[in-house]
Amino acid sequence: MPKLCLVPTPIGNLEDITLRSLRILKEADIIFAEDTRVTKKLLNHFEIQQHVIPFHAHNEHRSLQSAIERIKGMNLAVLVSDAGTPGISDPGFLLARECVNEGIEVECLPGPTALIPALVASGFPCDRFCFEGFLPHKKGRQTKLIQLEQEERTVILYESPHRLVKCLGQIEEFMGAERKVCVVRELSKMFEEYKRGTAKEVKEYYEQHPPKGEIVVIIEGKNGKN
Ligand code: SAM
């Protein structure tokens with residue numbers, strides 16, 4: 001019986017890979033990767049000799065049918081993205097869905113992802129939350145922010161460093177200057193940082209200290225409750 005296993009990979013600190021992920025990577029008949037160079041570096045670090053096949057984000061739809069045909073001919077196929085959990089703001093969803101539709105067993109190992117540690121360390125309620133990934137860059141961005149203004153659950157966004165100040169300015173504009181946020185930067189890396197405060201305060205901080213690296217923005221729900 002063929003099986004697809006989605007394997008999370010570290011988002012910064014290589015120690016975050018699990019023992020089970022290493023075993024599954026070793027046992028796989030085939031490894032599909034978002035970027036084969038990134039994955040080969042990871043495999044080399046752990047002395048895993050495996051052939052890696054590209055599964056591109058930009059042609060995920062096109063890669064799909066050939067991947068499905070290959071998976072059907074093997075016992076264990078693995079999909080990894082460059083970092084974190086495949087399918088979470090990364091390629092993975094379409095392949096998982098197609099496998100489910102084709103009756104192929106699908107499993108995702110527990111492991112690294114940026115949103116959960118950022119949420120839990122923010123100090124905002126994490127019993128219920130809403131993950132929005134990256135906001136649309138242009139069309140639909142304002143509509144989404146207006147919609148999120150009403151959200152009572154803690155909201156999680158992924159954001160790039162060069163758009164962070166704009167994003168915090170828009171949180172201030174659409175959700176109010178006093179809305180509390182926590183910007184989590186460079187999780188599990190040397191310059192890991194948490195900046196907590198109102199949207200206005202945190203925006204002013206990053207205007208003075210232009211951020212680098214990878215960022216998660218956590219926004220307290222409306223009325224500060226879940
Ligand atoms: N699949 C990944 C996951 O499971 O979190 C997300 C991939 S998405 C293309 C990359 C975004 O995730 C970054 O732009 C940033 O918003 C967030 N991210 C990834 N690694 C991070 C880290 N070490 N610290 C903070 N945010 C991170």
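This report describes the ligand site of a predicted model.

Local features need pLDDT of at least 70, side-chain atom pairs count only at pLDDT 80 or more, and totals for chains, interfaces and linings use all residues. Residues are numbered from 1 along each chain as its sequence is written, and side-chain values use heavy atoms, without hydrogens and water.

The ligand is surrounded by 18 residues, each with a heavy atom within 4 Å of it. The closest are Ile88, Asp90, Thr113, Tyr158 and Ile215. By class, this shell holds nine nonpolar, four polar and five charged residues. Tyr and Cys count as nonpolar here, and Gly as polar; the charged class is Asp, Glu, Lys and Arg.

Domain 1 (3-108) and domain 2 (115-224) both give residues to the shell, so the ligand lies between them. The bounds come from an automatic or database domain assignment. Strands β7 (154-159) and β10 (215-219) each supply at least two shell residues. Strands are DSSP runs (E, at least two residues), numbered from the N terminus.

| Residue | Ligand atom | Distance |
|---|---|---|
| Ala83 | nitrogen | 3.2 Å |
| Thr85 | oxygen | 2.9 Å |
| Ala114 | oxygen | 2.9 Å |

On its own, the ligand has 570 Å² of accessible area, and the protein covers 90% of it. Areas come from the Shrake-Rupley method with a 1.4 Å probe.

How values were computed: Polar contact = N/O pair within 3.5 Å; in protein donor to acceptor, adjacent residues only side chain to side chain. Helix = DSSP H or I, 4+ residues; strand = E, 2+ residues; numbered from the N terminus.
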